[in-house]
Amino acid sequence: MNKKQLSEQEIRTQFITPAIQKAGWSNGQIREEYAITKGRIVARGGTYKRDKAKFADYVLFYKPHIPLAIVEAKDNNHTISDGMQQALDYAERLLIPFVFTSNGDGFTFRNRMVVNGAKEQQLTLTQFPSPAMLWNMYKTNTGITNEQETVITEPYYSERDDRTPRYYQMNAINLTVDAVVRGQNRVLLVMATGTGKTYTAFQIIWRLWKSGVKKRILFLADRNALIDQTYSNDFSPFKDKMTIIRNRKADPSYEIYLALYQGLTGEGDKEIFRQFSPGFFDLIIIDECHRGSANENSEWRTVLDYFTAATQIGLTATPKETKDISNIDYFGDPIY
């Protein structure tokens, strides 16, 4: 067989995919032609078109929500390392630590977490690492403890077959869960309008709640319509564990609470949030946090200060930074 006469797809089918499978990667862990972006929209004169979509040849998942490696394939007329820059670009977008290239003769391997030392390593087709090898390498490089691993590997809610996180939502969710597990108690996520902040918040809550790290959660917003929509749609899997705080009496029998800022604050006995003990909630998600919580003297900040021991995650498309108002001063720099 003359490899030079084979197409890239034939190289993948006959050499690269078998090598990955023999290393212990199951079909469910190997995703070929993995869509990264649909292509940038370019508008001209009242019309628009999309640039070419971006696809990774292979993305290897340790768990369905943990992409661990990218493999970029070329035909055998290329060198074994060709495509590395493209693969590194994809890996940076997807926050993937391990990058491989191949032309069917073997693999070039790069660990993006290693700053010093050899940047690239040559592997034969039989030396491709197993899922456990790469995961242990990832744990070693990041210092994840066994307790933290339990939370990080907690899966997404996935009973809705038509709804899986987009790559940037996956990045935001994974980074947030990782930060919380490592003890970061103030987190800021900046995501543009229309990118699914509420769905992202749901998946963050779901994983932290299911793993038992956070047991009582408060989701704060400033519009009734958003609360009702969140309750009926994105948060509906919480079912009878969830309630909306609407009246003037706190009910401590639930685990997930949705509330308006305006419904929690007010004069005297209208400050319903004080009916909960300061340590009642261990996680608070603040939607559109640029509006009120960014202001140090607002009633909204009073609620957050009262539950100061809770991990607090701010969501916004437009963080505020003025002389008197600052998201970053309160939450820290955005982690995504």
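**Exercise 1. What volume does the second largest pocket have? Describe its lining.**

Solution. The model is predicted.
- Step 1: the volume of the second largest pocket is about 400 Å³.
- Step 2: 19 residues line this pocket, and those closest to its centre are Leu 95, Pro 97, Tyr 138, Asn 174 and Leu 175.
- Step 3: at least two lining residues each come from strand S5 (66-73), helix H3 (131-142) and helix H5 (167-181). H5 gives the most, namely five residues.
- Step 4: sorted by class, the lining holds 13 nonpolar, three polar and three charged residues.

**Exercise 2. Locate Val 114 and decide whether Val 114 is buried, partly exposed or exposed.**

Solution. 
- Step 1: Val 114 sits in the loop that runs between strand S7 (107-111) and strand S8 (120-123).
- Step 2: the relative accessible area of Val 114 is 37%. Buried requires under 20% and exposed requires over 50%, so Val 114 is partly exposed.
- Step 3: for a spatial reference, take Pro 97, one of the residues closest to the centre of the second largest pocket. Val 114 and Pro 97 are separated by 17 residues in sequence and by 9.4 Å in space, C-alpha to C-alpha.

**Exercise 3. Work out the order of the strands in the six-stranded open sheet and the helices that pack on the sheet.**

Solution. 
- Step 1: the strand order is S1-S4-S5-S6-S7-S8, with mixed pairing.
- Step 2: strand S1 (30-37) and S8 are the edge strands, each pairing on one side only.
- Step 3: on average, neighbouring strands of the sheet are turned by 35° against each other, direction ignored.
- Step 4: S7 and S8 pair antiparallel over four bridges. In this region Phe 109 stands opposite Gln 121 in S8.
- Step 5: helix H1 (residues 8-22) packs on the sheet and touches S1, strand S4 (54-63), S5, strand S6 (98-102) and S7. The direction of H1 makes about 10° with that of S4.
- Step 6: H5 also packs on the sheet, touching S1, S4 and S5, and its direction makes about 100° with that of S1.

Key
Residues are numbered from 1 along each chain as its sequence is written. This is a predicted model: local features need pLDDT of at least 70, side-chain atom pairs count only at pLDDT 80 or more; totals for chains, interfaces and linings use all residues. Side-chain values use heavy atoms; hydrogens and water are left out. On a 1 Å grid over the protein atoms alone, a cavity is a set of points where a 1.4 Å probe fits but cannot get out, and a pocket is an open set with protein on both sides within 12 Å along at least five of seven lines; lining residues have an atom within 4 Å of a point. Grid points are joined across faces, edges and corners, and a volume is the space filled by probe spheres set on the points. Ala, Val, Leu, Ile, Met, Phe, Trp, Tyr, Cys and Pro count as nonpolar, Asp, Glu, Lys and Arg as charged, and the others, Gly among them, as polar. Buried means under 20% relative accessible area, exposed over 50%, partly exposed in between (1.4 Å probe, protein chains only). Two strands pair if DSSP finds at least two bridges between them. Axes are lines fitted to C-alpha atoms, for helices over the stretch in contact, and angles run from 0 to 180 degrees between N-to-C directions. Contact means heavy atoms within 4.5 Å.
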